[in-house]
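Dear colleague,

I am handing over the structure we spoke about, and below it I have set out what was found. Please have the model open while you read.

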Amino acid sequence: MKNDLMKCRDCVDLLLDYLDGNLDEKTQVDLDEHFSACPPCVNFLETYKSSSEVTTVLRDQEVEVPAAMEERLRSFLREQLSAAEPK
Ligand SMILES: [Zn+2]
């Protein structure tokens with residue numbers, strides 16, 4: 001039984017804040033625990049990181065990176081995780 005563990009989709013919602021270090025300590029620990037037990041999420045975290053770096057580079061160049069782009073990235077990852085998550 002792993003009902004107390006975070007679901008993969010919850011993690012996706014928290015990834016941005018996780019990478020920015022904006023999560024409270026408990027949530028951060030919960031996420032770390034989930035990642036340690038969920039290799040697929042680690043893969044997505046890496047994907048997300050590299051994607052975030054792209055948006056950061058774009059920001060540095062003062063190209064407008066609308067929130068919609070981040071939202072699309074989240075949606076994409078959610079779909080990927082839905083497909084990967086065992087029922
Ligand atoms: Zn997961």
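Cys8 and His34 are both buried in this model, which is a predicted one. They are also two of the residues that hold the zinc ion, whose coordinating atoms are SG of Cys8, NE2 of His34, SG of Cys38 and SG of Cys41, at 1.9 to 2.4 Å. Cys8 belongs to helix H1 (residues 8-20) and His34 to helix H2 (residues 25-37), so that the pair, 26 residues apart, links distant parts of the chain. Along the sequence, the donor residues of the zinc ion follow the spacing C-x25-H-x3-C-x2-C. As for the geometry, the angles among the four donor atoms run from 103 to 116°, and the site is tetrahedral. For reference, the ideal angle for four tetrahedral donors is 109.5 degrees.

To place the site in the chain as a whole, the protein has four helices and zero strands, and its elements run α-α-α-α from the N terminus on. Of its 87 residues, 32% count as buried. Among contacts with a separation of 6 or more, 59% are between residues 24 or more positions apart. The chain exposes about 6,100 Å², of which carbon and sulfur atoms supply 51%.

In soluble globular proteins, nonpolar side chains tend to be buried together. If you select Leu77 and set aside residues up to four places away in sequence, you will find that Leu77 touches Val12, Leu15, Phe44 and Tyr48.

One further residue deserves a look, namely Thr27, which lies in helix H2. Is Thr27 buried or exposed? Its relative accessible area is 17%, and because a residue counts as buried under 20%, Thr27 is classed as buried. Apart from its neighbours within four places in sequence, Thr27 is in contact with Met6 and Leu14.

With kind regards

Terms used. Residues numbered from 1 in each chain as written. Predicted model: local features only at pLDDT ≥ 70, side-chain atom pairs only at ≥ 80, totals over all residues. Heavy atoms only, no water. Helix = DSSP H or I, 4+ residues; strand = E, 2+ residues; numbered from the N terminus. Buried < 20%, exposed > 50% of the residue type's maximum accessible area, 1.4 Å probe, protein only. Contact = heavy atoms within 4.5 Å. Areas by Shrake-Rupley, 256 points an atom, 1.4 Å probe, with all protein chains shown as cover. Donors = N, O, S within 2.8 Å, 3.2 Å for Na, K, Ca; no water. Tetrahedral: all angles 85-135°; square planar, octahedral: opposite > 155°, others 65-115°.
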